[in-house]
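Thank you all for coming.

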Amino acid sequence: MYRSFVFILSLTLAGISQEEFKSAESCGDCHHDIYQQWQSSMHARSTTQKDPLFQGMYNLAIAETDGMLTGKCIVCHSPMATVFQENDREAIFNQDGITCQFCHGAAEIVAHHSARDMKIDLTTIYSDQPELENTAHPVAHRDYFFRSEFCLPCHAEMKNPVEIEVCSTGNEWREYLKQTGKNCQDCHLLKQDGKVSHLFPGSHQTDIPSGAVEMELAYNTDTQELMISLTNTGAGHAIPTGTPLRMVYLKITAFDSSEKIIWQNWRENPVTEDRGGVFMRLLGDNQGNAPVPPWKASQIIYEQRLLPGKLVNKRYLLPEQGVYEVEVKLIYRFAPKAVLDRLGITDPHLNSERILAQQSMRPGSEAGE
Ligand code: HEC
Ligand code: HEC
Ligand code: HEC
Ligand code: HEC
Ligand code: HEC
């Protein structure tokens, strides 16, 4: 303990020599499979070079704040910047994103506000495994690798300068923990052939079990109301969570018996036409413009998200005549189309609409479905 204290002290005073950096690729010489998994994870793609959405928002942040946010954004997305005290995005260690040596250099975790709260020691490899002296590198044991505590420095929370909550995954999860005792790793660190996978699947990857939201439909013939019941049964935090760019929304389409569309809950833009069917945290400025980026936000204009285990019911009045079948989709987007257009992002993956849940019913028939 005493030794690591002295080490951390000298780290803060002098910084660490950049020659201590070992690239993920070099770890991959021996840990081949893990390197391959990491490479296709968002942890490897968290940089401006590899993530067009981060690049776009980062460049906008710098342009709109006279560079004030340069060091802020890079902290968690290229955390080696904090170790070597160098924010240059082109530095070889910053291009490695959330790299092996950062996570496995975590000698101590002191708080959950940013990657800075992980105290990094580059001379040893820390993991859940027992102490080990081998020819390749020393391995020391820490007991937090399978607990949320290890992920929360980067994933827990973020507030903007006027204290608007931008990200709150940590608090959402703490509520969930009371009911289930599950940690991030229970869902995001999958096992393959007895070894942990480094894919860390989330919304960009398809490996996470889909069907996190359960949807049920019911129709009231007296009131002509369609009731949509949604429950987040699969995630240990809100859906959506993380960056406030994410949006989830209902698309409801009513057809007549010749499959012609006779009604929809929105045509062009769910946020302006049917806000009640939108699940997101919508940030706005003083004048009420929304969405605005986090650094311009002075209020949360609207917030509705699917909290773990909580039932949400939405009612829609269908046309009195002619509805033969109604189809309901719950759709996920990485960012509003207007934001992607503004940033000039045409990447098909980032522009895609993913269906989280889907159901159809025939209001006329007794059995529904
Ligand atoms: C020269 C080969 C080599 C290189 C390079 C290497 N390792 Fe290892 N590593 C090993 C060996 C051998 C073990 C002992 C356990 C085993 O056989 O898997 C080990 C164990 C580990 C463990 C503990 C898991 C366990 O099974 O005990 C972690 C974590 C780890 N290495 C991470 C890294 C990281 C991060 C890097 C790059 C900074 C790295 N290694 C570079 C060979 C290497
Ligand atoms: C050093 C900071 C840091 C740590 C520690 C960290 N992450 Fe991340 N993680 C990030 C960043 C930054 C991103 C977003 C990268 C991007 O999209 O550009 C991310 C993305 C993710 C995603 C989204 C992947 C997807 O497909 O959408 C998941 C899931 C995730 N991390 C889980 C974890 C878990 C579980 C842990 C703990 C075992 C963890 N992370 C530890 C910084 C971190
Ligand atoms: C406290 C750590 C932290 C800081 C500081 C941080 N981020 Fe992130 N960022 C994350 C994590 C964790 C994720 C993954 C959450 C998710 O997938 O929703 C993420 C995801 C993102 C995404 C989504 C990327 C994608 O491909 O889906 C964007 C864009 C982004 N951050 C931009 C920024 C900008 C711009 C800044 C600076 C103003 C910033 N971040 C500062 C931790 C951080
Ligand atoms: C986001 C943080 C994070 C990153 C980045 C990361 N790891 Fe890990 N790694 C973990 C966690 C969590 C575990 C599971 C607990 C443990 O075994 O320590 C783990 C486990 C391991 C193990 C033991 C595997 C087993 O099945 O027992 C090795 C070896 C390893 N990592 C190597 C690497 C290498 C090599 C890289 C880069 C290519 C890397 N890690 C990147 C968090 C990370
Ligand atoms: C009970 C399982 C479970 C637990 C526990 C859990 N997650 Fe998730 N997480 C999910 C599922 C499922 C999704 C994908 C939801 C969807 O379909 O978009 C997800 C998505 C994410 C994403 C991507 C969000 C986005 O839209 O960009 C991040 C980041 C993430 N989780 C981080 C964490 C962190 C950090 C923890 C711990 C504090 C955690 N998760 C705990 C199941 C879980």
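Predicted model: local features only at pLDDT ≥ 70, side-chain atom pairs only at ≥ 80, totals over all residues.

Let me start with ligand 4, which is surrounded by 22 residues, the closest being Cys100, Cys103, Ser127, Asp128 and Phe145; a residue is near a molecule here if its C-beta atom, placed from the backbone, lies within 6 Å of it. Two or more residues of this shell come from each of α2 (24-28), α3 (32-39), α7 (100-103) and β8 (195-196), where helices (H or I, at least four residues) and strands (E, at least two) are DSSP runs numbered from the N terminus.

Residues are numbered from 1 along each chain as its sequence is written, and chains are lettered from A and ligands numbered from 1 in the order in which they are written.

The shell around ligand 4 divides into 13 nonpolar, 7 polar and 2 charged residues, counting Ala, Val, Leu, Ile, Met, Phe, Trp, Tyr, Cys and Pro as nonpolar, Asp, Glu, Lys and Arg as charged, and the others, Gly among them, as polar. At least three of its residues are drawn from each of domain 1 (2-155) and domain 2 (157-369), with bounds that come from an automatic or database domain assignment.

Where does ligand 5 lie? Both domain 1 and domain 2 give residues to its shell, so ligand 5 lies between them. Of the 25 residues around ligand 5, the nearest are His155, Cys184, Cys187, Gly202 and Gly236, and α10 gives the most to the shell, with 4 residues.

Turning to the strands, β10 (residues 225-232) pairs in the antiparallel sense with β15 (residues 311-317) over 7 bridges, and with β9 (residues 213-220), also antiparallel, over 8 bridges; pairing requires at least two DSSP bridges between the strands. Glu225 has Asn220 as a bridge partner and, in β15, Leu317. Between β9 and β10 there are 4 residues, forming a hairpin, and Gln224 in the turn has a positive phi of about 60°.

Finally, Trp295 sits in the loop between β13 (278-284) and β14 (299-304), and it counts as buried because it has 20 C-beta neighbours inside 10 Å, the cut-off being 20 or more, with 12 or fewer for exposed and partly exposed in between.
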